[in-house]
Amino acid sequence: MQSYSGKCHCGNTEWTAKLEKDQQGHILCHCDTCKYLSGSTFTLNQIIPKANLTITKGKDSLNRYTYYGESGKPVYCYFCPNCTSHVYHHQTVMGDDTIILRTGMLEQGLKEFKPAAEIFGKAKLPWEKEVAQTFDTLPPS
């Protein structure tokens with residue numbers, strides 16, 4: 001397991017995430033919600049235990065936005081109230097102890113991580129090329 005540091009765009013929120021070797025890659029999410037929230041074609045993420053994320057600065061000031069995922073269950077998005085960078089999401093359908101970490105904001109993540117999988121491939125834009133194994137929605141459990 002290795003620790004990675006992350007921060008939001010303005011620097012008001014900082015964190016450390018512990019990732020196992022098989023988590024040291026990006027899961028690209030092409031769902032429509034990620035497109036709207038990021039203003040891009042996909043987001044860079046990793047599924048980790050909630051206990052492996054430590055907010056080291058700005059924890060008490062994180063804001064939360066709620067939407068309902070494809071499962072019909074709530075998804076809580078935690079973000080910096082100043083610059084609105086999303087730190088992590090909690091999809092309640094995955095249980096209380098699992099979160100979706102935004103790996104694109106880890107200092108080493110953008111430089112070192114490679115795509116590990118693509119999810120919600122059914123919502124991919126037609127001109128996007130496949131860069132990793134792609135699943136229509138989520139990988140089988």
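Author: A residue is called buried when its relative accessible area is under 20%. Keep that cut-off in mind for this predicted model.

Reader: How much of the protein counts as buried?

Author: The model has 141 residues. Apply the cut-off of under 20% relative accessible area. The share that counts as buried is 43%.

Reader: Which pattern do the helices and strands follow along the sequence?

Author: Start with the tally: 2 helices and 10 strands. Now read along the sequence. The pattern is β-β-β-α-β-β-β-β-β-β-α-β.

Reader: What radius of gyration does the protein have, and why compare it with a compact globule?

Author: The C-alpha trace spans about 40 × 30 × 25 Å along its principal axes. For 141 residues, a compact globule would have a radius of gyration near 14 Å, so there is a value to check against. The protein agrees with it, at 14 Å.

Reader: Of contacts between residues at least 6 apart in sequence, what share joins residues at least 24 apart?

Author: A contact here means heavy atoms within 4.5 Å. Take the contacts between residues at least 6 apart in sequence. The share that joins residues at least 24 apart is 49%.

Reader: Which element gives the largest share of the largest nonpolar core?

Author: This core has 16 residues, and Trp15, Leu19, Leu53, Tyr88, Leu101 and Leu106 touch the most other members. Strands S2 (14-19), S5 (53-57), S7 (74-79), S8 (86-91) and S9 (98-102) each give two or more residues. The largest share is 3 residues, and it comes from S2.

Reader: Which residues does tyrosine 88 contact, leaving aside neighbours within four places in sequence?

Author: Tyr88 is one of the core residues that touch the most other members. Set aside its neighbours within four places in sequence. Its contacts are then Leu53, Leu62, Tyr76, Cys77, Tyr78, Ile99, Ile100 and Leu101.

Reader: Is threonine 13 buried or exposed?

Author: Threonine 13 sits in the loop between strand S1 (2-7) and S2. Leaving out residues up to four places away in sequence, it touches Gly6, Lys7, Cys8, Ile55, Lys57, Leu62, Cys80 and Val87. Its relative accessible area is 0%, so threonine 13 is buried.

Note on methods. Residues are numbered from 1 along each chain as its sequence is written. This is a predicted model: local features need pLDDT of at least 70, side-chain atom pairs count only at pLDDT 80 or more; totals for chains, interfaces and linings use all residues. Side-chain values use heavy atoms; hydrogens and water are left out. Helices (H or I, at least four residues) and strands (E, at least two) are DSSP runs, numbered from the N terminus. The radius of gyration is taken over C-alpha atoms; the globule rule is 2.2 Å times the number of residues to the power 0.38. Buried means under 20% relative accessible area, exposed over 50%, partly exposed in between (1.4 Å probe, protein chains only). A nonpolar core is a set of buried Ala, Val, Leu, Ile, Met, Phe, Trp, Tyr and Cys residues joined through side-chain atoms within 4.5 Å.
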